[in-house]
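Here is a short walk through a ligand site. Follow along in the viewer.

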Amino acid sequence: MNGTVRLTQALDAELVSRLQSVSFPTIGHFLEEGFLDSGIRSMLRNVHLVGRAVTVRVASADAFATNRALALLEPGDVLVIETGHDTTHAPVGAVTACAAQCAGAAGIVVDGVVTDIVELRGAGLPVFARGTSVLTAKRKLDANSAVNVPVLCGGVMVNPGDVVMADDNGVLVLSPEEAAAIVDLALSTDRAEPDILRRLRSGEAIDTVLPGGME
Ligand SMILES: O=C([O-])CC(=O)C(=O)O
Ligand SMILES: [Mg+2]
């Protein structure tokens, strides 16, 4: 088991605060990279989070790998789980989510399935996954598991310490530098949108309101 290193670099609190105000699909107007496969969806409704990625590669349904990653979570972190495209064994359920929530995590993203869905809904921790399963991970070790290493999640390479942004639309992961470079543009675009909607509702034509396109 590699990479059990605790992250030392916190995300800039000001950046996190600004990103929390952003409508994440606005970033989708400007960027092409960092968007997780749309099959990874929120398992809860009305969620919106920004957090630092703590990563784990779970090999062959190794539940201990997830537990090691859970032990590294700090307030505001998002646990990002690579499963090697395993959509059968759920590495996350009531107990895992409870541990993450008790550590103050902002959420969990799994490139795979979760279990205990009723309990997850009740707990309220934002969890993103491809669906649900009754079959779970197992209490066994696999040497190919690793914590806080780059992981492939929904087709995106997620590095420990990246910025995870997720809501009911899906999940986006950027480096802190990429997030800082886009946040002002996203916020100013969001600020312009209420007026666009008002003008459309008042009867103006779309090609008058948005002559150059949607951005
Ligand atoms: O143990 C697992 O793999 C998932 C689970 O059921 C839980 O976290 O409660
Ligand atoms: Mg369980």
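Ligand 1 is surrounded by Ala90, Pro91, Val92, Gly93, Ala94, Val95, Thr96, Thr115, Asp116, Thr136 and Ala137, where near means a heavy atom within 4 Å. This is a predicted model: local features need pLDDT of at least 70, side-chain atom pairs count only at pLDDT 80 or more, and totals for chains, interfaces and linings use all residues. Residues are numbered from 1 along each chain as its sequence is written, chains are lettered from A and ligands numbered from 1 in written order, and side-chain values use heavy atoms, without hydrogens and water.

By class, the shell around ligand 1 has six nonpolar, four polar and one charged residues. Here Ala, Val, Leu, Ile, Met, Phe, Trp, Tyr, Cys and Pro count as nonpolar, Asp, Glu, Lys and Arg as charged, and the others, Gly among them, as polar.

Now look at the backbone. A polar backbone atom of valine 95 is 2.8 Å from an oxygen atom of ligand 1. For glycine 93, a backbone N or O atom lies 3.1 Å from a ligand 1 oxygen. For alanine 90, the distance from a polar backbone atom to an oxygen atom of ligand 1 is 3.2 Å. A polar contact here is a pair of N or O atoms within 3.5 Å. The protein buries 80% of the 260 Å² that ligand 1 exposes when taken alone (Shrake-Rupley method, 1.4 Å probe).

Methods:
A polar contact is a pair of N or O atoms within 3.5 Å; within protein, one must be able to donate a hydrogen and the other to accept it, and residues adjacent in sequence count only if both atoms are side-chain atoms.
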